Amino acid sequence: MTKITHSFALSLVAAGLLASTGVNAESVAIINATVHTSTEQGILQGASIIMDEGKIIAINPTKVEADTIIDAKGQIVTAGFIGSMNQLGLVEVGAVAGSRDAGDDKAGIDFDPSLAFNPRSSLIPYARKGGITRDVITPHGGDSIFAGLASVVDLSGEFDSVSQTHAALVVNLGEQRKGSRAMSLKNLIDKFEAHQQKTSKKDKKDDAKPSTEDKVLTKVLAGEMPLLVSASRASDILELLKVKQQFKLNLVISGAQDAVVVKAQLAEANVPVIISAMDNLPGSFDSLHANLNNAGELEKAGVKVIFAIAGDGSHNVYQLRFDAGNAVSYGMSQQGALHAITANVADVFGINAGRVAVGKAADLVMWNNDPFELSSHVTKMFINGEEVTTESRQDKLRDRYMAESEMPRAYTK
């Protein structure tokens with residue numbers, strides 16, 4: 001009897017393992033979709049997409065075979081949107097200090113806030129409702145101009161959702177509350193020159209393990225890691241272009257309200273900008289050219305544009321698609337606006353997503369209508385090929401407080 005029980009137990013374990021493997025390996029196909037690819041293929045009508053092992057493995061195959069087949073019935077499918085320049089998962093309530101982990105007074109080049117990333121933040125499901133499947137989280141730094149390191153996360157809610165650390169070195173330049181912007185720029189140049197001298201003089205026999213700061217600076221100066229600089233005034237942007245040329249940097253400029261003034265220089269230097277499509281009034285003397293037309297003007301000049309949410313992007317990244325829609329209404333092409341929240345972000349930060357293409361991460365969003373329209377909503381969402389919910393805390397609160405009951409409102413027992 002003991003042997004029979006033991007064998008039965010082993011068979012149950014084996015069956016469980018097989019079932020688990022089957023779930024993880026389940027392939028999914030979406031058919032009859034209007035696919036906005038964010039590639040040179042543009043928009044595909046009545047298209048089919050097959051996902052397996054977390055990747056897109058086929059588009060419009062001659063025969064559709066998959067464990068699960070979803071008929072989109074003409075609905076729009078896009079790549080999952082990618083947010084940036086926010087602290088999603090690093091802050092819960094901005095007014096509560098204990099829930100803020102994106103910055104520290106002592107933060108510097110080697111500060112990596114992704115160590116504190118919370119994939120179960122209540123802000124993440126809300127962001128998913130806006131079609132956001134990945135995000136570039138950035139530190140806001142401390143006393144130094146070097147804020148720390150950006151990271152890439154997916155919004156699956158899983159504990160292994162930090163997919164890429166050291167995605168960029170974040171630097172804050174421009175206007176200063178205390179001191180001069182000239183000193184900030186000098187500190188940046190001095191740091192790069194000092195590291196170059198240090199590495200050139202290093203004894204080949206010196207086997208001392210380099211610090212994290214040294215590793216980061218080496219990658220930045222080799223062009224392997226983007227230097228993500230916050231600057232807005234046109235003259236500051238031009239100075240940064242000189243620094244890029246001097247050190248052969250992979251430069252990205254965020255803020256960039258005055259970028260339209262130097263758009264030709266930015267395009268020639270192949271420097272992307274991360275802007276808010278909704279900046280329409282100067283917030284300081286550094287942003288006198290903030291205008292709703294800027295995204296379209298930069299696109300026409302050949303500048304690669306990425307959209308980020310101005311202000312509290314951590315709580316409002318959901319609105320990214322609305323900003324993109326507004327950019328279209330003020331002169332940007334629809335494909336350009338879509339690229340600004342998908343392909344362009346992926347290109348700049350080296351993310352294998354942002355396009356509906358074979359080999360890319362199966363981050364797909366199905367929409368009931370044009371995703372840039374206010375009334376549209378997500379009908380299905382996949383991250384790494386796995387379907388995820390878009391139910392948020394707000395939905396649960398609505399259902400709780402709107403439920404009809406003989407008990408007092410919101411009483412659930």
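The mean positions of the 40 positive and 48 negative charges of the chain lie 4 Å apart. The model described here is a predicted one.

**The chain as a whole**

The secondary structure of the chain consists of 12 helices and 16 strands. The radius of gyration is 24 Å, close to the 22 Å that the globule rule gives for 413 residues, so the chain is as compact as a globular protein of that length. Along the principal axes, the C-alpha atoms fill a box of roughly 75 × 60 × 60 Å.

Of the 413 residues in the chain, 48% are buried. The chain exposes about 20,500 Å², and carbon and sulfur atoms supply 51% of this area. Among contacts with a separation of 6 or more, 67% are made by residues 24 or more positions apart.

| Residue | Relative accessible area | Class |
|---|---|---|
| Ser-161 | 1% | buried |
| Lys-244 | 18% | buried |
| His-166 | 27% | partly exposed |
| Glu-53 | 58% | exposed |

Ser-161 belongs to the loop between strand E8 (146-154) and strand E9 (162-172). Its side chain reaches the backbone oxygen of Glu-158 at 2.7 Å. Leaving aside neighbours within four places in sequence, Ser-161 is in contact with Phe-117, Pro-119, Val-152, Val-153, Asp-154 and Ser-156.

Lys-244 is part of helix H5 (residues 234-247). Lys-244 counts as buried because its relative accessible area of 18% falls under the 20% limit for that class. When residues up to four places away in sequence are not counted, Lys-244 touches Leu-249, Leu-251, Ala-269 and Val-271. Arg-100 is 144 residues from Lys-244 along the chain, and the C-alpha atoms of the two are separated by 33 Å.

**Two residues with a positive phi**

Most residues other than glycine have a negative phi. Glu-53 is not a glycine, yet it has a positive phi of about 55°. Glu-53 lies in the loop between strand E2 (43-52) and strand E3 (55-59). With a relative accessible area of 58%, Glu-53 is exposed.

His-166, which is not a glycine either, has a positive phi of about 55°. The place of His-166 is in strand E9. At 27% relative accessibility, His-166 is partly exposed.

Key. Residues numbered from 1 in each chain as written. Predicted model: local features only at pLDDT ≥ 70, side-chain atom pairs only at ≥ 80, totals over all residues. Heavy atoms only, no water. Helix = DSSP H or I, 4+ residues; strand = E, 2+ residues; numbered from the N terminus. Rg over C-alpha atoms; globule rule 2.2 N^0.38 Å. Buried < 20%, exposed > 50% of the residue type's maximum accessible area, 1.4 Å probe, protein only. Contact = heavy atoms within 4.5 Å. Areas by Shrake-Rupley, 256 points an atom, 1.4 Å probe, with all protein chains shown as cover. Lys, Arg positive; Asp, Glu negative; His and termini not counted. Charge placed at Lys NZ, Arg CZ, Asp CG, Glu CD. Polar contact = N/O pair within 3.5 Å; in protein donor to acceptor, adjacent residues only side chain to side chain.
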